[in-house]
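Trainee: Could we go through this model together? I would like to begin with the ligand site.

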Amino acid sequence: MTRSQFLGTGMAVPEQVVTNDDLSARMDTTDEWIRTRTGIQERHWVREGETGADLARAASRRALEMAGLEPAALDAIVYATSTPDHFAPGNGVFLQRMLGTGPIPAIDIRTQCSGFVYSLSVADAWIRTGMYRHILVVGAEVQCTGMDISTQGRNTAVIFADGAGAAVLGPTDDPDRGILAFDLHSDGTYAEKLWVDSPGSMYHPRVSHQQLDEGRHFLAMDGKEVFRHAVVRMPESVAAVLAVIGASPADLKLLIPHQANLRISEMVQKSLGLRDDQVYNNIQRYGNTTAATIPIALDECVRAGRVSRGDLLAFTAFGSGFLWGSVALRW
Ligand SMILES: CC(C)(COP(=O)(O)OP(=O)(O)OC[C@H]1O[C@@H](n2cnc3c(N)ncnc32)[C@H](O)[C@@H]1OP(=O)(O)O)[C@@H](O)C(=O)NCCC(=O)NCCS
């Protein structure tokens, strides 16, 4: 039976580093508050002119290089982002143009923090059915241009950040390798708990001066509500995806949780009974890069030699939607 496996990974973050002290100079917050509540020490934000597609291109080139493939060898692009460079078209086509692939399919997945897990499920299905062979899966975000960088927006401005991660997937017939199972969910009851209201096609016009004055184009979050659900849904989903393959958390070599908040990751770890060496976190250095957190973390683990062939891995994500899910795989 054909499965999909990872052939290469890559990541890229903007050059500009923004520390907690940099934020304290712009809003009423402190390094101590941010570290204690979120674990974040610094993050990267784009400078004017730098785009999400630029970050995606850099991450993709590294993933292609590791895979030993030229862009021309790609059969499809699946691009997860909640912050496309434009309202339309999606960012997949900009990446397709930049990489100079053939005229291959390029789709955007709009499932925010869960974007990379959902994108893997699409790429995996395409590969298993034999529809496409080599698929570039990207998670990339530019959050800093959509946040209120003032005291009023401090509950999101200190958390979200910019970056990109990429992976090249291809088919394998090895029964001991590849993507094994997914667990995917949504609950739209909470759609407004973490969202960007405007611009929206329900408004005439899609964005108005009044909406801008009211700050409705900024990312808005009910942090407590997100926290409350994330710490239940993520462990529940990891347990569920492992149950599908007859495994338990103890069997995991590595869990990469979406880097929402270090406190959330710690609670997920505790509730699954995992040791420190079984969970990877890097939110301290990058903040929450939404769809990019998992592929960035994966690339760091791969390049640091934290995963070996045959290891059981799981990724889990929760966020805006609410949407959440997990994937289990053997490296
Ligand atoms: C955002 C989060 C850290 C806030 O922590 P919290 O304890 O819930 O804080 P609250 O939002 O209730 O705010 C508590 C106080 O801190 C203040 N505050 C919020 N952000 C602050 C900041 N950056 N610096 C200083 N004070 C801040 C609030 O204004 C509030 O003040 P008040 O009591 O005078 O009204 C927390 O809710 C969280 O991590 N939620 C999950 C967020 C997340 O992971 N999102 C991504 C999901 S993909």
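Mentor: The discussion below covers the ligand site, then a salt bridge and some backbone features.

Mentor: This is a predicted model, in which local features need pLDDT of at least 70 and side-chain atom pairs count only at pLDDT 80 or more, while totals for chains, interfaces and linings use all residues. Residues are numbered from 1 along each chain as its sequence is written, and side-chain values use heavy atoms, with hydrogens and water left out.

Trainee: How many residues surround the ligand, and which are the closest?

Mentor: The ligand is surrounded by 23 residues, each with a heavy atom within 4 Å of it. Thr29, Arg37, Arg154, Lys224 and Asn261 are the closest.

Trainee: How do the residues of the shell divide into nonpolar, polar and charged?

Mentor: Twelve are nonpolar, seven polar and four charged. Here Ala, Val, Leu, Ile, Met, Phe, Trp, Tyr, Cys and Pro count as nonpolar, Asp, Glu, Lys and Arg as charged, and the others, Gly among them, as polar.

Trainee: Which atoms of the ligand lie 2.4 Å, 2.8 Å and 2.9 Å from the protein?

Mentor: An N or O atom in the side chain of Asn261 is 2.4 Å from an oxygen atom of the ligand. A polar side-chain atom of Arg154 lies 2.8 Å from a ligand oxygen atom, and a backbone N or O atom of Gly223 is 2.9 Å from a ligand nitrogen atom. A polar contact is a pair of N or O atoms within 3.5 Å.

Trainee: Which elements give two or more residues to that shell?

Mentor: They are helix H2 (31–38), helix H6 (154–157), helix H8 (223–244) and strand S12 (312–319). H8 provides the largest share, four residues. Helices (H or I, at least four residues) and strands (E, at least two) are DSSP runs, numbered from the N terminus.

Trainee: Changing topic, how many salt bridges are there?

Mentor: The count is 15, with a side-chain nitrogen of Lys or Arg within 4 Å of a carboxyl oxygen of Asp or Glu as the criterion. Arg57 and Asp54 form one, with their closest N and O atoms 3.5 Å apart. These two are three residues apart in helix H3 (residues 52–67), so about one helical turn separates them.

Trainee: And the backbone: where is the peptide bond with omega near 5 degrees?

Mentor: That cis bond runs from Ser198 to Pro199, and Pro199 is in the loop between strand S9 (194–195) and helix H7 (209–213). Gly321 and Phe322 are also joined by a cis peptide bond, with omega about -15 degrees.

Definitions and conventions
Polar contact = N/O pair within 3.5 Å; in protein donor to acceptor, adjacent residues only side chain to side chain.
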